[in-house]
Amino acid sequence: MGSEDNSSPKAVIVIDNKNGFFGRRSEGEGGGDSLEITYWILKDKSRLIAVNRSSWGMCCPESILRFFTFNDFIWKDVTKDVFPKLMISDFIDRKYLIKADRNKIAPVYISLPREGKDITVQLGGETGENGYHGKPIPLKNKEIKLIWNNENFIPK
């Protein structure tokens, strides 16, 4: 008799041609990772393509999101032009932050939209999971909605 191996990650793939979304999520043993790809149409009718890679373990989910254009057979990373820098102070009131963290970019956990155009961002990493320096500090924003503004994203 063979035994079933339940320790291997389970992958779920979503392909939504109507909405231009691809998602792959793999989970197992308390952790996992995901890859999401989608696009937005720019004013000039070209596409802004987003690639989001997220991972998590028993704690500390975090994402790496990049935006690209593809014109004349050339890929260009335009992340800095379309995606705002989100600081720790966007999630935690400055009165709770130590001085060194006041201008620090926040670790984030991101979900790309399967439908619609807006992006949901949560505080990720150790701070999002275990509190600020291990202390349960109330979050100013549990999540931030980034609204598509036809050329870039702006925090709501």
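**View 1. Confidence along the protein chain of the predicted model.** In this predicted model, the protein chain has a mean pLDDT of 89, and 94% of its residues reach 70 or more. Among the elements of the chain, helix 1 has the highest mean pLDDT, 97, whereas helix 2 (residues 125–130) has the lowest, 79. Residues 1–5 have a pLDDT below 50, and this stretch makes 1 contact in the model beyond near neighbours in sequence. Where pLDDT is low, the predicted coordinates should not be read in detail.

**View 2. The largest pocket and its lining.** The volume of the largest pocket is about 440 Å³. Its lining consists of 17 residues, of which Leu65, Arg66, Thr79, Phe83 and Ile105 are the closest to the centre of the pocket. Strand 5 (62–71), helix 1 (79–82) and strand 7 (108–111) are the elements that give two or more residues to this lining, and the largest share, 5 residues, comes from strand 5. By class, the lining of the largest pocket comprises 10 nonpolar, 5 charged and 2 polar residues.

**View 3. The second largest pocket.** The second largest pocket holds about 210 Å³ of space, and the residues that line it include Asn19, Tyr39, Trp40, Arg114, Glu115, Lys117 and Trp148. Strand 3 (residues 31–41) provides the largest share of this lining, 4 residues. Sorted by class, the lining of the second largest pocket has 5 nonpolar, 4 polar and 3 charged residues.

View 4. In soluble globular proteins, nonpolar side chains tend to be buried together. The largest nonpolar core here has 28 residues, and those with the most contacts inside it are Trp40, Leu48, Phe67, Phe83, Phe91, Ile119 and Val121. At least two residues of this core are supplied by each of strand 4 (47–56), strand 5, strand 7, strand 8 (119–123) and strand 9 (143–148). Leaving aside neighbours within four places in sequence, leucine 48 is in contact with residues including Trp40, Leu42, Phe67, Phe68, Val78, Val82, Trp148 and Phe153.

**View 5. Glutamate 151 in its loop.** Glutamate 151 lies in the loop between strand 9 and strand 10 (153–155). Because its relative accessible area is 30%, glutamate 151 counts as partly exposed, a class that falls between the cut-offs of 20% and 50%. Not counting residues up to four places away in sequence, glutamate 151 touches Leu42, Lys43 and Val82. The C-alpha atoms of glutamate 151 and valine 82 are separated by 6.8 Å, although the two residues are 69 residues apart along the chain.

Notes:
Residues numbered from 1 in each chain as written. Predicted model: local features only at pLDDT ≥ 70, side-chain atom pairs only at ≥ 80, totals over all residues. Heavy atoms only, no water. 1 Å grid on protein atoms, 1.4 Å probe; cavity = no way out; pocket = protein on both sides within 12 Å on 5 of 7 lines; lining within 4 Å. Points joined across faces, edges and corners; volume = space filled by probe spheres on them. Nonpolar A, V, L, I, M, F, W, Y, C, P; charged D, E, K, R; others polar. Core = buried A, V, L, I, M, F, W, Y, C linked by side-chain atoms within 4.5 Å. Buried < 20%, exposed > 50% of the residue type's maximum accessible area, 1.4 Å probe, protein only. Contact = heavy atoms within 4.5 Å. pLDDT = per-residue confidence, 0-100.
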